[in-house]
Amino acid sequence: MDFLRSLFARMQGLGSGPVEQVLDELSLEGMARYIQSGDCKNIICMVGAGISTSAGIPDFRSPGTGLYSNLQKYDLPCPEAIFEIGYFKQHPEPFFTLARELYPGQFKPTVCHYFMCMLKEKGLLMRCYTQNIDTLERMAGLEEKDLIEAHGTFHTSHCLNVLCRKEYGLPWMKEKIFSEEIPKCEKCNTLVKPDIVFFGESLPSRFSSMLSDFPRCDLLIIMGTSLSVQPFASLIRKVPRKTPRLLINREKSGETDSQMSFMGTEGMDFDSEKAYRDVVFLGSCDDGCLALAEKLGWKDELVAMVTREHAAIDAAEGGGASASAANQSSGDGEKGPVPEQKDKPAEQTGAREREKEE
């Protein structure tokens, strides 16, 4: 058994010897000191639906409030059918009705989105790998070169006829969706679909072509994702073994399971005696980004950025509110451009943290 684990590890370049511990402490403070040390130059962010919930966009799997829990009105064979390519081709109406409710441009980017923009401004962001299709990363200021939209985007759409494949932009699709018209190609009258990845479709080619980022990653920040959808979830294991990994999420995710252990691959390890690089902040993504920004001395700058950019969005829309929940925190419901930190800090765990408590 040990031989097989070692073989799998060697095949994946993981090695089996001792690993240098980069962080001086497994905590948010230790992460902040590492970011400021000068040794952390290439940060990759992996993000999921949890970074957009404070903008008013539901995630997929939260019981009671998640998207999959509230699709009964569409009379689907199963909740996931609304994103299945075969079902969509036969019954596009439910998807486009949902798209009208969640369409990009109705929501403001969150504190978390602007924190990533701040990393870019400071020359630290190598790339943002996102599972989201809401385009809020682009709206916040990240450019196409900064992004890997692993599950596609609403930014462009294409005709489904393989002999046509005419491309359409965001304004064209928006007009069709809000006129309650099923989008059909102007050239061949075939159904037109936004370039988001449905179940049964391949991921965008850019996803695979940019995986060379990970061996050069100095810090991996994972935010707002359950790490339950492959192959996106597997990306956490593509960074070098010494690279620190920070999870900002409402619950722990990505931890090593029995299959990973057998294959010699590393999931997240926050609590074992062998933990040496993984830190978790349990709470909302906005609160986690604010807490890290405070440790870095960037909090005032981040708050000012969010306030300025939200005001600019409102001004561009003629002063109207873009979404009822856009200016609320993701955890406590207080209104304002950024969420206030709670009196009780969110949990941070790691081997060194436990040693202090003992």
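Helices (DSSP runs of H or I, at least four residues) and strands (DSSP runs of E, at least two) are numbered from the N terminus. The structure is a predicted model, in which local features need pLDDT of at least 70 and side-chain atom pairs count only at pLDDT 80 or more, while totals for chains, interfaces and linings use all residues. Residues are numbered from 1 along each chain as its sequence is written, and side-chain values use heavy atoms, with hydrogens and water left out.

A look at the loops comes first. In the loop between α7 (170-178) and β6 (192-196) sits glutamate 180, whose phi is near 60°, a positive value in a residue other than glycine. Accessibility is judged with a 1.4 Å probe on protein chains only: buried means under 20% relative accessible area, exposed over 50%, and partly exposed in between. Glutamate 180 counts as exposed, at 61% relative accessibility. Arginine 165, in the loop between β4 (152-159) and β5 (167-169), also has a positive phi, near 55°; this residue is partly exposed, with a relative accessible area of 39%.

Now to the interior. A nonpolar core is a set of buried Ala, Val, Leu, Ile, Met, Phe, Trp, Tyr and Cys residues joined through side-chain atoms within 4.5 Å. The largest one has 46 residues, and those with the most contacts inside it include Cys45, Phe115 and Trp298. Helix α5 (residues 111-121) gives the most to this core, with eight residues. Apart from it lies another core of 25 residues, among them Leu76, Ile82, Phe95 and Val192.
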